[in-house]
Amino acid sequence: MSDFAEFRARGRAALLAGRATHDVPFVDGGTRWGTTAAFRPQDEIADRMAELSATAGATGHWVHGARALHVTLRTLERYRTHIPQDDPLRRAYGSALAEAVAGLPPARVRLAGVHPHPGGVVVGAHPEDDTLDTIRKRFAHVLESRGIRDVERGRVRDRWYVSLVHFAAPLTNAGELVAWCDAHADADFGTAELRTAEIVQYVHTGGGIRVNSLERAVLDGGGGLQPSSSAVTNCSRCQAT
């Protein structure tokens, strides 16, 4: 995983040059905000990040609360509004995630540095062990072995981060926002222990994002959650589009 120096420099330049992008409310089949495998930092670290994001001066944008903060492991499909409990893909994703985390301890990740980018603001996530990368590789392998074609097939993420803000309208105060990021460039929120991997669905609330947990797998060093007896083990029909 790369550091954030170049990422930050490109983000500052883009915002100051008026090249910000923004999200729009979700629609079925949209390429953004589909079902995702993710980790959510817990407790005081998440609270501190949310408290800081609330001071960003990003009125009219999606400023995330503590329970919406997350580290994306892998985006799995295009957006769907309705994902029932017995949905075959949902069950397959959960089973694959449980297999991917089996036997692994919690991932330790230092959350530090506030960085602007064209679509918002992130905090850098810096792994202190190999757990996240191991899960990323395992999860991709399990999905492929089960015939589940997700939207990130073939992609390798080159950095981890937690988004504090997503722009939801044209950015009108780029200079002020960049200055705020600069003032918090060295913010260190501490090391989070990511103990639970989740399959999540994002819901637009009108003024922000809610994260619904669909499936969970615990990193406890003892095998995670075992797939249920009815979980999909080979999903020839599970082709995410």
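Reader: In which hand does α1 pass α5?
Author: In this predicted model, α1 passes α5 in a left-handed crossing, meaning that the near helix is turned anticlockwise from the far one by less than a right angle. Helices are DSSP runs of H or I with at least four residues, strands are E runs of at least two, and both are numbered from the N terminus.

Reader: And which residues make the contact?
Author: From α1 they are R8, R12, L15 and L16, and from α5 they are A174, G175, L177, V178, C181 and D182. Contact means heavy atoms within 4.5 Å.

Reader: Changing topic: is H166 buried or exposed?
Author: H166, in strand β6 (residues 160–166), counts as buried because its relative accessibility is 9%. Buried means under 20% relative accessible area, exposed over 50% and partly exposed in between, with a 1.4 Å probe and protein chains only.

Reader: What does H166 touch?
Author: Beyond neighbours within four places in sequence, H166 contacts D23, R32, W33, H61, W62, H64, G119 and G120.

Reader: How many residues of α3 are buried?
Author: In α3, 11 of the 14 residues are buried, so the helix is largely enclosed by the rest of the structure. Its cover includes β3 (71–75), α4 (131–145), β8 (196–204) and β9 (209–218).

Methods:
Residues are numbered from 1 along each chain as its sequence is written. This is a predicted model: local features need pLDDT of at least 70, side-chain atom pairs count only at pLDDT 80 or more; totals for chains, interfaces and linings use all residues. Side-chain values use heavy atoms; hydrogens and water are left out.
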